[in-house]
Amino acid sequence: MTDPHLYEQINQDLKNYYDNEKNNKRNLWRNNFHIEMPFGLINDPNGLCYYNNKFYIFYQWNPFSCEHKFKHWGLVTTTDFVNFTRPEIVLRPEEWFDKDGCYSGGAHVKDDTLHLFYTGNVKGESGQRESYQCMVEYKNDGTFDKKGVIIDKQPESYTAHFRDPMVFEGNGIYYMVLGAQTEDLKGRALIYKSEDSYKWSFSGELKINMNDFGYMWECPNLFKISGNQFAFLFSPQGLKEEEFKYQNKFQSGYVIGELDLNDVSLEHHTEFKEIDKGFDFYAPQVFRYEEKHIMLGWIGMPDNEGEYVSSQDGWIFGLTMPRVLKYIDGIIYQEPLDFLENLRESQIVDLENEIADNYKITLETRTIECYLDLDMKDYNDQELKLKFKKESISIFYNKEEETCILDRNSMELGGKGVRKFKLKADKSLKLHMFIDNSTIEIYYQDGLETTTFAYFPICDDFEIEIKNKAKINKLQIWNLKKINYV
């Protein structure tokens, strides 16, 4: 992928797309306020940070096809999550140490320079894999310098599934956490340390009470949330499905415990909790901004590419909206970043304390924010339907069983199935929904749970229906703007 003409064409295609966006043939599933690429495949968010008075959002991008090949790092920046720079390619797979892909990683700001860490993927003629941890210096004028390999091989007794470096500081020392796999095919996290962020030494495997928890741990994040409490957020692969959890092919979630970097251990940690219970959420990354922990994830699922029918139009997948993580009573709650209120264009519904029986509202757009609070004191069951003529997505809640069921089996195209999860809503059921043209993100009970999923309706018609008799404590709906790429 070193042919400069290929990248000249990509840059021209990007220019043509955005210069003529209003004249482009409208795609029924093109999202308005989720980051996606004009063409190709986007997946893991990478290198998230606030730098040079802007939010930097790097991500995995194959600009050549909708396949998991030729992974580059793309970049958009923003100051407000409404106006973004146009996508650009920052890292290309063109060196001996990353020739088969610039894989995921993180960022760290040091001395006014943004240091990017990523995994260089190399495959031999017979398919054997080599993984190199690499670093790039990215200057505030947009220039960058690949510094090359900083860790050239995984430690003994681990396979070459050794990737996704994230760097953080503690007591004047730099630490790196990496996802790994043992030779007996168990997922693990490894810790390295450095005094200058250039030369790294292996500290050890993170000691954690999860010795048999999937065959690979991807996209690890370690961040302080309170006192000596740290969250370890990662994406394990190979968990066995249960009735109320682990229902996707792969999961993303966290444990919280006391981090001891001298002993390389996470002690007294909680049980693993999935960070999102929807169909299409993976590989989240967390960064710090103004004392907030902000998370973005990939709207997609590895090995399920056939479910995402936008690929027939030459593009696939997207990134979630930014979420703020809040630590409350041993659990991480999520809420939309306050910048997202800038997307509100006009309020079209504002109801309070209304008794409704089979309430329906027809909307002229599928790009809305909706806050719904349903009284549950005198009700046991509630069902909300998002309807697209004959197609629909159902959200059903049973108070007695404390069970929520998300069902998209009535959709004609794309992924189907049911997701069930436990949820307590004694007094009221609260849903905060961001509905885009092919992506839905829902926060339940003030962010105690979330579901993210893709959907591909065959028409633009859109109706929200509350199936049963209900008392609507509050219903607010806003039209949302389309984000700008300038």
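Modeller: Let me begin with glutamate 449, which is buried at a relative accessible area of 6%, where buried means under 20% relative accessible area, exposed means over 50% and partly exposed lies in between, as found with a 1.4 Å probe on protein chains only. Please keep in mind that this is a predicted model, in which local features need pLDDT of at least 70 and side-chain atom pairs count only at pLDDT 80 or more, while totals for chains, interfaces and linings use all residues. Residues are numbered from 1 along each chain as its sequence is written, and side-chain values use heavy atoms, with hydrogens and water left out.

Glutamate 449 forms a salt bridge with lysine 277, their closest N and O atoms being 3.8 Å apart; the term stands for a side-chain nitrogen of Lys or Arg within 4 Å of a carboxyl oxygen of Asp or Glu. Since glutamate 449 sits in strand 33 (residues 449–454) and lysine 277 in the loop between strand 18 (273–274) and strand 19 (282–289), the pair ties together parts that are 172 residues apart in sequence. Strands here are DSSP runs of E with at least two residues, just as helices are runs of H or I with at least four, and both are numbered from the N terminus. Lysine 277 is buried as well, with a relative accessible area of 11%.

In general, side chains of opposite charge can pair when their charged atoms come close. Over the whole structure, the search finds 30 salt bridges, and another of them joins the side chains of glutamate 243 and lysine 420, with 2.8 Å from N to O.

Through shared partners, salt bridges join Lys387, Glu463, Glu465 and Lys467 into one network. Glutamate 465 has its place in strand 34 (residues 462–480), and a polar contact of 3.1 Å joins its side chain to that of lysine 387. A polar contact is a pair of N or O atoms within 3.5 Å, of which, within protein, one must be able to donate a hydrogen and the other to accept it, and residues adjacent in sequence count only if both atoms are side-chain atoms. If neighbours within four places in sequence are set aside, the residues in contact with glutamate 465 are Asn358, Tyr359, Lys360, Glu383, Leu384, Lys385 and Lys387, contact meaning heavy atoms within 4.5 Å.

Turning to the sheets, an open one of four strands has the order 6-7-8-9 with antiparallel pairing, two strands being paired if DSSP finds at least two bridges between them. Strand 6 (107–110) and strand 9 (144–151) are its edge strands, each pairing on one side only. Strand 6 pairs with strand 7 (residues 113–123) in the antiparallel sense over four bridges, and valine 109 stands opposite leucine 114 in strand 7. Valine 109 is 57 residues from asparagine 52 in sequence and 9.7 Å from it in space, C-alpha to C-alpha. Asparagine 52 lies in the loop between strand 1 (40–51) and strand 2 (54–62), is partly exposed at 34% relative accessibility, and has a polar atom of its side chain 3.3 Å from the backbone oxygen of asparagine 140.

Disulfides, finally, would be pairs of cysteine sulfur atoms within 2.5 Å, and the search of the whole structure finds zero of them. The sulfur of cysteine 66 is too far for a bond, because the closest cysteine sulfur, in cysteine 102, is 19 Å away. Cysteine 404 is likewise in no disulfide, the nearest cysteine sulfur being that of cysteine 370 at 14 Å, and cysteine 404 is buried with a relative accessible area of 1%.
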